[in-house]
Each structure stands twice: as C-alpha cells, then as structure tokens.
Amino acid sequence: MEPPAPPRRITIVDVARHAQVSTTAVSKVLRNAYGASPEMRAKVRRSIDELGYRPHAGARGLRGQTYTIGVMLPDIRNPFFPEILDGITGRLADTDYQVFLGPGGCNDEKAEARVTEAMIDRGMDGIILIAPVSPRAHIEHVASVVPTVVVGRHGHSPVYDTVTDDDVTGASLVVGHLAGLGHRRIAHIEHHETDPTRIAEMPNAQRADGYRQAMRSSGLAEEIDIVSTTYTQQGGYDGAKELLARRRPPTAVFAGADIVAMGVLEALTEAGVSVPGDISVAGYDNTTFASFGPISLTSVDQAGHEIGENAARLLLERIADRHKAPVQIKLSPTLVPRRTTAPPPE
C-alpha cells in the first residue's frame with residue numbers, strides 16, 4: 001500500500017482565488033507595499049488565516065528578502081539576555097519578521113564568526129549582535145554585508161548602530177549606595193579582559209572603570225579591590241573565594257552582573273557567611289533572579305526590554321535605509337536596592 005501523498009502546500013494563487021483578488025494584490029499585502037487599500041488588506045489577511053497560507057521563505061529570499069532576523073547571544077545561560085530578547089520580539093510582533101537565535105560560544109571569537117557567517121549565508125535581512133567580543137573589523141565586515149545593530153558594546157562605527165547602557169554611571173550607583181550605607185571595603189568582581197579595543201568598548205570594562213572612579217570620588221581610593229574572573233556563575237564563585245581569603249575581606253561585593261552575583265552568594269553561603277549581615281552583595285542587570293523573593297538581590301536595572309526594543313527598531317530602520325547615518329543610543333540605568341545590602345557589621 002502506497003503511503004498517502006503529502007498535503008499540497010497552499011500557494012499565493014489559492015489565496016488570490018479565495019479572496020477573489022489578483023495575485024498582484026496578494027503580493028502587495030504580503031510585502032506591505034503601497035497600493036493596497038485597508039479593505040483589500042483585510043480581505044487578503046482573512047483568506048490567509050482561513051487557508052493557513054505561509055509564504056515560502058526560499059522564494060522570498062530569491063526576491064531579495066527573507067523576513068528573518070538573526071540574534072547572536074554570547075551566553076544562553078545568562079538570565080539577562082532573555083530580557084533583551086523579549087524587547088526584540090515584542091517590537092517585531094506586528095511585523096512579518098521572525099527571529100532566529102545563534103549562541104555565540106561565550107566570549108569565543110571563532111564561534112561568533114561561525115554564527116554570524118551562517119546568518120549571512122542564510123540570507124537573513126538583518127542581524128543583532130549582543131555583546132560581541134569579535135574584533136571591530138569583523139563586526140564592520142558583517143555590517144557591510146547585512147544591516148546590523150550592536151547591543152552592549154560601546155564605541156562608534158559608520159556602518160552599524162549601537163544600543164548600550166551607561167555602565168560607568170551604573171557602577172557609580174552601586175558604589176554610592178554601598179558607601180552611603182557606611183561600607184569602605186567595597187570589592188568588585190570584573191570579567192577579565194586584555195584586548196585594548198574590548199577594554200575600551202565592553203560593558204564589563206566600563207563597569208570596572210566606573211567602580212574605580214566612584215571609589216576615588218568617595219574618598220576610598222586606597223580600598224579599591226578588583227578580582228578578575230569571568231561573567232559567569234563560576235566566575236562569581238571563584239571571585240568570592242578569592243575575596244574571602246583576603247587578610248581583611250571586604251564588607252561589600254559589587255558583582256559585575258547578576259549571574260556573577262549568583263556565584264558570589266553560593267560561595268558565601270557555603271562558607272557560612274551571612275548576607276547582608278557579614279557581607280553585602282550587589283549585582284547588575286536586575287534580572288528575574290534578582291527580584292526573586294528569597295534572593296532579593298540589590299541590582300542595577302539597565303532596562304533590558306527597552307534595550308531590545310530599541311535594537312529592533314534601529315534594525316528595521318537600517319533595513320529600510322542602508323545608507324542612513326549611524327545611531328548610538330545610551331540608556332540611563334537605575335539602582336534597585338533590595339535585601340542583600342545593609343550597613344556593614346560594627
């Protein structure tokens with residue numbers, strides 16, 4: 001017995017017949033092109049919904065547009081990145097665009113290159129790179145081929161747009177909060193960086209610089225204490241262990257990201273150290289983890305959802321006009337104090 005033939009794919013011709021319009025009219029509606037009245041659009045959309053028509057991505061690509069956007073993530077385990085993704089997908093919800101994710105290999109330049117090249121090879125209409133560590137030359141190469149927006153990396157370029165948080169100010173908010181509570185021995189756990197360009201452009205380096213500036217401004221220059229690990233939970237754990245081994249451990253720890261703070265809290269709990277009774281802890285990103293009641297982590301809110309919305313908006317604008325002037329958006333962070341910070345022990 002022969003297997004049943006697969007169901008025939010609904011075509012644009014079927015939609016035109018069902019809606020009793022021309023295929024040209026259907027094409028205009030699908031492309032959001034000029035010349036289709038609101039009544040025409042409504043009629044075609046009803047037929048599309050009733051027939052279950054889906055445009056063929058390959059055919060769209062041959063006509064120059066695939067209605068796909070690639071988003072490169074450096075680390076899918078970081079709880080902050082879903083906030084950005086929510087903003088991106090929310091902004092694109094009323095468009096024909098679909099988002100495809102590509103893990104960038106957690107600070108791996110080669111892995112990032114493979115992901116971005118795969119997105120280009122598949123004809124994606126635009127790419128959003130979140131905190132890329134690739135050399136600027138590679139990012140500019142990507143942007144010269146496909147419309148690109150870079151999130152979470154400072155620095156300007158004539159070929160791509162950027163959306164960042166004011167990381168220096170964010171770090172100063174943390175130090176100011178802890179110093180205001182009476183802390184002097186305030187330590188910082190940063191993501192280790194050696195590349196000169198990344199030191200100038202990456203958020204982790206900007207936060208470390210903001211920490212140093214704020215400590216000096218607060219008269220605490222002699223108390224500056226930075227541990228360099230990684231922006232991971234393990235990095236926070238290792239950094240806290242190193243701080244606890246100090247002859248005079250800090251009374252407060254500023255973790256450069258909430259995921260780092262997760263590791264710090266784990267290490268302090270393991271060592272029997274009370275938070276905030278013995279050591280206060282603050283993070284950065286204001287993730288859902290930070291607001292979770294039993295944790296209640298003091299953190300900096302850099303408006304991840306707003307970052308994503310702005311990135312998607314800028315990308316749509318650049319897809320529409322490849323030659324527009326580059327735009328740099330820098331958002332202002334706010335501090336969200338919670339129960340992990342308190343005055344130091346007497």
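Helices (H or I, at least four residues) and strands (E, at least two) are DSSP runs, numbered from the N terminus.

Before going on, keep in mind that this is a predicted model, in which local features need pLDDT of at least 70 and side-chain atom pairs count only at pLDDT 80 or more, while totals for chains, interfaces and linings use all residues. Residues are numbered from 1 along each chain as its sequence is written, and side-chain values use heavy atoms, with hydrogens and water left out.

Next, display the 4 strands that form an open sheet in the order β7-β6-β8-β9, with parallel pairing; two strands pair if DSSP finds at least two bridges between them. At the edges stand β7 (225-229) and β9 (280-282), each with a single partner strand, so one side of each is left without a neighbour in the sheet. Neighbouring strands of this sheet are turned by 20° against each other on average, direction ignored.

Now select strand β6 (residues 186-191), which is joined to β7 by 5 bridges, the two running parallel, and which pairs with β8 in the parallel sense over 4 bridges.

Colouring β6 by accessibility shows a strand that is mostly covered, with 6 of its 6 residues buried, buried meaning under 20% relative accessible area, exposed over 50% and partly exposed in between (1.4 Å probe, protein chains only). In a regular strand the side chains alternate between the two faces of the sheet. Here I186, H188 and E190 point one way from β6 while A187, I189 and H191 point the other way, and all are buried.

Moving on from β6, select T194 in the loop between β6 and α9 (196-201). T194 counts as exposed because its relative accessibility is 58%. For a distance to check in the viewer, take the C-alpha atoms of T194 and A205, which are 11 residues apart along the chain and separated by 9.9 Å.

**The six-stranded sheet**

Turn next to the 6 strands that form an open sheet in the order β2-β1-β3-β4-β5-β11, again with parallel pairing. Its edge strands are β2 and β11 (328-331), each of which pairs on one side only, and neighbouring strands of this sheet are turned by 15° against each other on average, direction ignored.

Within this sheet, select β4, both faces of which are covered: T148 and V150 on one side and V149 and V151 on the other are all buried. β3 and β4 pair in the parallel sense over 4 bridges, and among the residue pairs to highlight are I127 with its bridge partner T148 and I128 with its bridge partner V149. On to β5 (residues 161-165), which pairs with β4 in the parallel sense over 3 bridges, and where D161 stands opposite V149.

Select α5 (residues 81-92), whose 12 residues should span 16 Å at 1.5 Å a residue, which agrees with the 17 Å between its end C-alpha atoms; the expected span is 1.5 Å times one less than the number of residues. Which residues of α5 are buried? They are F81, I84, L85, G87, I88 and L92. Seen down the axis of α5, these buried residues fall within an arc of 160°, so they line one face of the helix, the arc being that of the directions from the helix axis to the C-beta atoms. They pack against β1 (68-73), β2 (98-103), β3 (126-130), β4 (148-151) and α14 (304-320).

The last stop is N78, in the loop between β1 and α5. N78 counts as buried because its relative accessibility is 8%, and, leaving aside its neighbours within four places in sequence, N78 is in contact with I259 and D285.

How values were computed. Contact = heavy atoms within 4.5 Å. Axes fitted to C-alpha atoms, helices over the stretch in contact; angles between N-to-C directions.
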